[in-house]
2 protein chains.
Amino acid sequence: MAEPAHRPVSTRGRYLRKRKRTRERLLHAAKQVMAETGAEAATIAEIAAAAEVSPGTFYNYFQTREEILDAVAASFVEEFRRVMDAIQRAVDDPAERIAIAIRLFLERVRDDRLWGWFMARYASSLPILRDQTREIIRERIIADGLRRRRFRLPSTRAIGDLIAGTSVTALRSILEGRAPLEIATEVAELVLRGLGVPLGDAHRIANRPIPPLLLSTTQDQTRLRPTGYRLPEKTL
Amino acid sequence: MAEPAHRPVSTRGRYLRKRKRTRERLLHAAKQVMAETGAEAATIAEIAAAAEVSPGTFYNYFQTREEILDAVAASFVEEFRRVMDAIQRAVDDPAERIAIAIRLFLERVRDDRLWGWFMARYASSLPILRDQTREIIRERIIADGLRRRRFRLPSTRAIGDLIAGTSVTALRSILEGRAPLEIATEVAELVLRGLGVPLGDAHRIANRPIPPLLLSTTQDQTRLRPTGYRLPEKTL
């Protein structure tokens with residue numbers, strides 16, 4: 001809905017803030033409904049109800065179900081990119097970077113099970129989420145690790161399946177109580193081995209304490225807060 | 001429905017054969033509906049319709065939706081066990097056994113995409129299917145490989161996530177056309193590395209021709225035929 005041109009500035013500011021809050025509420029509701037019931041079952045009516053807005057209000061923000069699913073996926077990609085930025089600033093070794101990324105990914109379920117279920121269900125099936133996170137890992141970590149001869153690979157074609165497949169499946173094992181959170185370091189170690197890191201190095205790197213990480217405090221951070229993302233406290 | 005005691009033997013045989021066929025039809029229909037629409041959306045009415053029987057007939061075979069899902073999972077576990085039997089008879093090295101199991105798992109989509117979609121969706125989420133296939137791999141291959149010092153592992157807690165996670169995620173990449181069928185050997189190679197097999201061995205073993213495998217010709221085989229399981233022709 002276009003905002004009337006004659007509105008005074010302070011009203012306009014309030015209007016924009018309210019509009020942003022409602023959009024966040026809808027995104028959060030979509031994540032919740034999808035994590036709990038599955039994307040196939042997540043209807044616009046259900047998402048609107050979970051956000052406590054009318055279906056009419058929903059259509060002021062998103063035209064279709066697909067549009068809000070894409071927005072949800074894009075918001076997770078944005079979070080992932082910011083965490084990877086923080087890891088890149090704090091750590092130089094590509095092997096340690098990937099190990100930390102995997103450990104943080106798994107350890108996040110301690111604070112945010114809704115996020116965990118969302119990832120367990122969609123990290124490999126929502127195209128934007130799957131393809132863009134893989135692209136970030138490939139561009140920033142794998143390419144660099146190959147250049148610096150830290151990784152040795154027959155080709156990079158199956159690397160995304162190794163990293164995402166092992167991590168997301170382990171996430172589900174943790175969520176369902178079939179494995180303790182402590183497997184996070186072992187998962188990182190097995191993936192490092194797959195990337196060609198020697199056994200001793202893989203073990204050492206996967207078990208190294210995670211250094212302090214600083215997430216950038218841009219507007220993005222405010223925008224992402226409603227999803228409840230928190231790094232483990234000891235690492236902030 | 002109990003069969004009347006006075007029925008003559010030949011009629012009884014016909015009755016049992018027909019009952020078995022209808023049960024198979026229902027199982028096949030359940031697999032199809034689940035692979036295509038997702039378990040959440042697979043209702044008894046839809047499964048009965050796909051099998052071209054009435055919902056009333058459905059209840060002569062299965063009491064609940066969960067009961068038929070469990071039967072579907074159990075039939076895949078049975079198939080998996082028979083393939084593993086054949087691999088164990090043909091090959092001694094635990095590393096080669098796991099590599100062949102992974103390659104056959106991925107290459108099967110060439111003949112049977114319905115099966116592929118079923119596995120991509122449920123191999124990690126249907127408890128009977130997930131837990132029993134992992135148990136078979138752990139008991140028969142991992143334990144043996146550790147005893148014979150073929151594998152080196154920090155613990156076995158994350159091994160199921162590595163093997164199943166990487167394989168099932170790669171299966172989805174192949175089904176969706178994001179990766180060629182040829183990644184099967186690379187997937188096997190990466191998993192072998194994860195298990196602690198040295199890089200050179202892992203590469204050689206993953207690329208070795210698959211020897212002829214003989215599936216046992218028990219009653220089970222007949223029973224399983226309707227699901228369309230076929231090993232790649234060149235390996236039979």
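Predicted model: local features only at pLDDT ≥ 70, side-chain atom pairs only at ≥ 80, totals over all residues.
Residues count from 1 along each chain as its sequence is written, and chains are lettered from A, with ligands numbered from 1, in the order in which they are written. Local features need pLDDT of at least 70, side-chain atom pairs count only at pLDDT 80 or more, and totals for chains, interfaces and linings use all residues, while side-chain values use heavy atoms, with hydrogens and water left out.

**Stop 1: the interface**

Show both chains. Select the residues in contact across the boundary (contact means heavy atoms within 4.5 Å). Chain B gives 37 residues and chain A gives 37 residues. About 3000 Å² is buried between the two chains, 56% of it on carbon and sulfur atoms. Buried area here is the accessible area (1.4 Å probe) that two parts lose on being put together, summed over both.

Now pick Arg157(B), Leu190(B) and Arg193(B). These residues supply 19% of the area that chain B buries against chain A, more than any other three residues.

The rule finds 13 residue pairs across the interface of chain B and chain A, both residues at pLDDT 80 or more. Such a contact is a pair of N or O atoms within 3.5 Å; within protein, one must be able to donate a hydrogen and the other to accept it, and residues adjacent in sequence count only if both atoms are side-chain atoms.

Colour chain B by helix. On the side that touches chain A, the elements giving two or more residues are α7 (127-147), α8 (159-175) and α9 (183-194) of chain B. Helices are DSSP runs (H or I, at least four residues), strands likewise (E, at least two), numbered from the N terminus. Helix α8(B) makes the largest share of that side, with nine residues. By class, the side of chain B that touches chain A has 12 nonpolar, 10 polar and 15 charged residues. Ala, Val, Leu, Ile, Met, Phe, Trp, Tyr, Cys and Pro count as nonpolar, Asp, Glu, Lys and Arg as charged, and the others, Gly among them, as polar.

**Stop 2: a salt bridge between chains**

Side chains of opposite charge can pair when their charged atoms come close. The rule for a salt bridge is a side-chain nitrogen of Lys or Arg within 4 Å of a carboxyl oxygen of Asp or Glu. Over all chains the count comes to 38. Four salt bridges cross the interface of chain B and chain A.

Select Arg130(B) and Glu176(A). Their closest N and O atoms are 2.9 Å apart. The pair runs from helix α7 of chain B to the loop between α8 (159-175) and α9 (183-194) of chain A. Is Arg130(B) buried or exposed? Arg130(B) is buried, at 5% relative accessible area. Glu176(A) is partly exposed, at 31%. The cut-offs are under 20% for buried and over 50% for exposed, with partly exposed in between (1.4 Å probe, protein chains only).

**Stop 3: α5 and α7 of chain B**

Select Arg97(B) and Asp144(B). They form a salt bridge, with the closest N and O atoms 3.8 Å apart. Arg97(B) lies in helix α5 (residues 94-107) of chain B and Asp144(B) in helix α7 of chain B, so the pair ties together parts that are 47 residues apart in sequence. Arg97(B) is buried at 8%. Asp144(B) is buried at 11%.

The axes of α5(B) and α7(B) come within 8 Å and cross at roughly 145°. Axes are lines fitted to C-alpha atoms, for helices over the stretch in contact, and angles run from 0 to 180 degrees between N-to-C directions. Helix α5(B) makes the contact through Pro94(B), Arg97(B) and Ile98(B), and α7(B) through Ile137(B), Arg140(B), Ile141(B), Asp144(B) and Gly145(B). By class, this contact has four nonpolar, one polar and three charged residues.

**Stop 4: chain A**

Select Asp144(A) and Arg148(A). Their side chains meet in a salt bridge (2.8 Å, N to O). Asp144(A) is buried at 12%; Arg148(A) is partly exposed at 38%.

Next, go to Val72(A) in helix α4 (residues 65-90) of chain A. Val72(A) is buried, at 0% relative accessible area. Leaving out residues up to four places away in sequence, Val72(A) touches Leu27(A), Ala30(A), Lys31(A) and Phe118(A).

**Stop 5: two positive phi values**

Select Glu52(A), in the loop between α2 (44-51) and α3 (55-61) of chain A. Its phi is near 55°, a positive value in a residue other than glycine. Glu52(A) is exposed, at 71%.

Finish at Arg149(B), in the loop between α7 and α8 of chain B. Arg149(B) has a positive phi of about 55° although it is not a glycine. Arg149(B) is exposed, at 74%.
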